[in-house]
Amino acid sequence: MTIQLPSVGGRLKAYEPRADPLALATGAPFTSRTVFSAAHVVADPFADVSPDSAAAVDWDATLAFRRHLWSHGLGVAEAMDTAQRGMGLDWAGAAELIRRSAAEAKAVGGRIACGVGTDQLTGPASLEAVRTAYEEQFALVEESGAQAVLMASRALAATAKGPEDYLEVYGHLLRQAAEPVILHWLGPMFDPALEGYWGSGDLDAATDVFLEVIAAHPDKVDGIKVSLLDARREVDLRRRLPQGVRCYTGDDFNYPELIAGDEQGFSHALLGIFDPLGPLAAEAVRVLDTGDVKGFRELLDPTVELSRHLFEAPTRFYKTGVVLLAWLAGHQEHFTMVGGLQSARSLPHCARAYELADTLGLFPNPELAETRMKTLLALYGVTS
């Protein structure tokens, strides 16, 4: 059996889906790397909402997906940009997500880290307002029992006059942190509003400020999460970190080489691509735990083409492909997203995502994935 998949320009090509998925079982916790999957939220398809409405989340399906990730040994990075934070999921929705997911993590023994931002601010704000917003979210995450991830703030990027404002705000937050946090540097390819973060559009200068924040409070920083899609820069940065501060790669283009590392060190991981790759990524890390770098790369390197496709420009819309694959894999019953973002990628983009994921054997039930892909194609007038 074949399926007709559209490409750019309206041409159709016959694709024969694979018959057997990868056999990927759950397993023991990892020993050589700390690995988080940034998890997506499942929208409620029956909610009577518009793109401007507050997010309507299917909590049962959303928490079930987190249990799926935990079952494979992955940590969950909650309320991050993969969960449409700032792209449909507002602070009220994120707060509820943090409370529910943290409680679920406690119940099943899963590791969880949650995003702390300033997205309750919706207009121009003073530095004091930015600090207060961060503090409100920080308190909620710590009260939930989760680890905090200090996310880059659109409000701070818009308000800060220079590096000294970043040093003041982050220093203020780190001094009051009860437990070590993860600092998150999200590049403008993921969010254009973060251009010039750390007080400079020059990445070398910005890196120096970032490192100055860490050096002033090394006991309060568990690690950094870097999403700049620049492997060389990440390696240079991790080599300059104080002893004991981890680097969590957020590079969805170059993650296999960064996690494998070199003679001078390696990156841990906090990745959006590990949402659709969860079981396969977990298997690869367990192979790496045995010291088999070659086997790790053999499992993970073939996934890079899919990841680069999902995260192609405009990168911030990668969530559409992530949710598409979750639907095709049977983790949710519909392809609906908060804010209507299921329409943010083209049909040819979705078709290629299906083909690449199927080739990798990511779908537990290939027949279900094929049937659902044909349903989506039929909505666009493609029949086969």
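**Figure 1. Gly-115 stands opposite Val-149 of strand β6.** The model is predicted, and local features need pLDDT of at least 70, side-chain atom pairs count only at pLDDT 80 or more, and totals for chains, interfaces and linings use all residues. Residues are numbered from 1 along each chain as its sequence is written, and side-chain values use heavy atoms, with hydrogens and water left out. Strand β5 (residues 112–116) pairs with β6 in the parallel sense over four bridges; two strands pair if DSSP finds at least two bridges between them. Helices (H or I, at least four residues) and strands (E, at least two) are DSSP runs, numbered from the N terminus. Together with helix α3 (residues 127–144), β5 and β6 make a right-handed β-α-β unit. Right-handed means that, with the strands pointing away from the viewer, the path from the first strand over the helix to the second runs clockwise.

**Figure 2. The side chains of β6 (residues 147–150) are buried on both sides of the strand.** In a regular strand the side chains alternate between the two faces of the sheet. Gln-147 and Val-149 point one way, Ala-148 and Leu-150 the other way. Buried means under 20% relative accessible area, exposed over 50%, and partly exposed in between (1.4 Å probe, protein chains only). β6 also pairs with strand β7 (residues 181–186), in the parallel sense over two bridges. Here Leu-150 stands opposite Leu-183 of β7.

**Figure 3. Strand β8 (residues 221–227) has parallel partners in β7 and β9.** Seven of the seven residues of β8 are buried. Six bridges join β7 to β8, and Val-181 has Val-221 of β8 as its bridge partner. The chain crosses from β7 through α6 to β8 in a right-handed β-α-β crossover. Four bridges join β8 to strand β9 (residues 246–249), with Tyr-248 of β9 as the bridge partner of Lys-225. The crossover from β8 to β9 passes through helix α7 (residues 231–239) and is right-handed.

**Figure 4. Strands β1 (residues 3–6) and β2 (residues 12–15) pair in the antiparallel sense over four bridges.** Pro-6 stands opposite Leu-12 in β2. The two strands form a hairpin with five residues between them. In the turn, Gly-9 has a positive phi of about 100 degrees.

**Figure 5. Two edge-to-face pairs are Tyr-166 with Tyr-197 and Phe-190 with Tyr-318.** Rings of Phe, Tyr and Trp (its six-membered ring) pair if their centres lie within 6.5 Å; planes under 30 degrees apart count as stacked, over 60 as edge-to-face and the rest as tilted. By this rule there are 16 aromatic pairs. The centres of Tyr-166 and Tyr-197 are 4.8 Å apart and the planes are at 70 degrees, so the pair is edge-to-face. This pair links Tyr-166 in helix α5 (residues 163–175) to Tyr-197 in the loop between β7 and α6 (203–216), 31 residues apart. Both Tyr-166 and Tyr-197 are buried. For Phe-190 and Tyr-318, the centres are 6.1 Å apart and the planes at 80 degrees, so this pair is also edge-to-face. Phe-190 lies in the loop between β7 and α6 and Tyr-318 in helix α12 (residues 318–328), 128 residues apart. Phe-190 is buried, with a relative accessible area of 5%, and Tyr-318 is buried at 1%. One aromatic cluster is formed by Tyr-134, Tyr-166, Tyr-170, Trp-185, Tyr-197, Trp-198 and Phe-210.

**Figure 6. The largest pocket holds about 560 Å³ of space, and the largest cavity about 60 Å³.** On a 1 Å grid over the protein atoms alone, a cavity is a set of points where a 1.4 Å probe fits but cannot get out, and a pocket is an open set with protein on both sides within 12 Å along at least five of seven lines; lining residues have an atom within 4 Å of a point. Grid points are joined across faces, edges and corners, and a volume is the space filled by probe spheres set on the points. Of the 31 residues lining the largest pocket, Arg-85, Gly-86, Asp-119, Arg-154 and Asp-191 lie nearest its centre. Helix α4 (residues 154–159) gives the largest share of this lining, four residues. One cavity of 30 Å³ or more is counted. Residues lining the largest cavity include Phe-190, Lys-225 and Tyr-318.
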